[in-house]
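I opened my notebook to look up a few spots in this model. Here is what I jotted down as I went.

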Amino acid sequence: IGLVVGFVLWRGHGQKWGKYLFIALVICIPAQLWYLPFSTMARYEARMTFPVLADFDGKHFKWLWKENYKARFQMVPGGKERGNALRLVSGPPSSWPGARMTHFPEDWAGYSELVLDVRMVRSPGDSLRFGVRIDDFEGRLDKLWVQQSYYATDQWQTFSLPIANRKVLRGDRYLDLGDVEALVVYVGMPKDSFALEIDNIRLQ
């Protein structure tokens, strides 16, 4: 639409800014679209492995994830017989650094808990407090979600977040397990730099 509007204003009405709009979109649109094949493959992999949401061993899983609040992540070896894991790295001044996953199968009906493996790789203390948040589609508008906090150590641990019949935080409605929108793993208020590894996110 922008290309057509820019072209009509430029060629049809002689407006210079229409020319600039057209040229800018001609340059920008291919740059925005180049990742679509990778994102499409990632969504396909997520559907093939469901109810495993992410084990990070596939080629395209990282395309379902985005960094939040100045966090950075990378795929790293998770240790002997584990395969790859997602390493989340950040620190001050970011307040809620994390990683957000979307475009997985949205129907979680029939499952009672979200399970994931986590370990702390670097932290100023013996443990690191982190949170897990689940948003349903309606939560995009009302800003209400389900979340829970945990403490990771330098050893791999398995953490569970109950999701069945779960009311959203500060709200009266229940999380809609038939239309889940996003999953976020984050560290609340880090006092120093940290590194957190995440693996084998699945539903049970």
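Predicted model: local features only at pLDDT ≥ 70, side-chain atom pairs only at ≥ 80, totals over all residues.

For the strand entries I count two strands as paired if DSSP finds at least two bridges between them.

Entry one, the strands. I looked up V115 and found that its bridge partner in strand 11 is R202. Strand 6 and strand 11 run antiparallel and are joined by seven bridges. I then checked strand 6 (residues 113–122) against strand 9 (residues 157–162): these also run antiparallel, with six bridges. Here L116 sits opposite F159 of strand 9.

Entry two, R202. Its place is in strand 11, residues 194–203. Is R202 buried or exposed? I get a relative accessible area of 19% for R202, and the cut-off for buried is under 20%, so R202 counts as buried. Its side chain makes a polar contact with the side chain of D117 at 3.2 Å. Residues that R202 touches include P51, L53, E113 and T158.

I placed P51 in the loop between helix 3 (36–49) and strand 1 (52–54). P92 and P93 are also joined by a cis peptide bond, omega about 10°. P93 lies in the loop between strand 4 (84–90) and strand 5 (98–102).

K70 isn't a glycine, yet has a positive phi of about 65°. I found K70 in the loop between strand 2 (65–68) and strand 3 (72–77), and it is exposed, at 65% relative accessible area. H103, also not a glycine, has phi near 65°. H103 sits in the loop between strand 5 and strand 6 and is partly exposed, at 40%.

How values were computed
Residues numbered from 1 in each chain as written. Heavy atoms only, no water. Helix = DSSP H or I, 4+ residues; strand = E, 2+ residues; numbered from the N terminus. Buried < 20%, exposed > 50% of the residue type's maximum accessible area, 1.4 Å probe, protein only. Polar contact = N/O pair within 3.5 Å; in protein donor to acceptor, adjacent residues only side chain to side chain. Contact = heavy atoms within 4.5 Å. Lists of a residue's contacts leave out its neighbours within four places in sequence.
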